[in-house]
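Trainee: I would like to go through this model with you. Can we start with the terms?

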Amino acid sequence: MKAMATACFCALLISPPFLNAATVYRCVDSAGHTTFTRQGCPSDQALAVQDARNPTPSTKRMTPLAEPRSIRNPPANRTVVVVGERDDGCGNQVTGQARRNAIISGKVQQGMTQTDVESALGKPDGITRRNGQVQYRYLNERGSRQTVSFDERGCVRK
């Protein structure tokens, strides 16, 4: 076991420095604001690849600043294809911002998931399950009752 750990440590020490490097994009918008990201730039911003290699410590040499390489932006007539989209299992009826605002204000909207409701209202005081459908019951300090019904996919229904 000790020999295996030593071998792994030695392999890391002799690995080429480009394996430790990361591709970082430098994006500059029309107002001149600069953003560094690893995901790429929006089509309306200037794009440059930034060299992000770390120098070897204690070499006592001055490390020059990285020079950005310009990359031609894709033509404007190209369409963006979304390969993967977040699916909440409820047909994405509630946008991210609307979901966040509802959770913060403690409200429930149609299309929210059970996890969203628990984030907004907390753990339910009672749970009823019938024919694949679930109901959460909440009691507040004044004694009033609120019932939230879910369909068989776990989505709020009205």
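Mentor: Contact means heavy atoms within 4.5 Å. The model is predicted: local features need pLDDT of at least 70, side-chain atom pairs count only at pLDDT 80 or more, and totals for chains, interfaces and linings use all residues. Residues are numbered from 1 along each chain as its sequence is written, and side-chain values use heavy atoms, without hydrogens and water.

Trainee: Which residues does A102 touch, not counting residues up to four places away in sequence?
Mentor: Neighbours up to four places away in sequence are left out. That leaves K107, Q109, M112 and A120.

Trainee: In what order do the four strands form the open sheet?
Mentor: Strands are DSSP runs (E, at least two residues), numbered from the N terminus. Two of them pair if DSSP finds at least two bridges between them. The pairing here is antiparallel. β5 and β8 stand at the edges, each with a single partner strand, so one side of each lacks a neighbour in the sheet. The order is β5-β6-β7-β8.

Trainee: Which residue in β8 stands opposite S149?
Mentor: Strand β7 covers residues 145-150, and two bridges join it to β8. The two run antiparallel. Opposite S149 stands R157.
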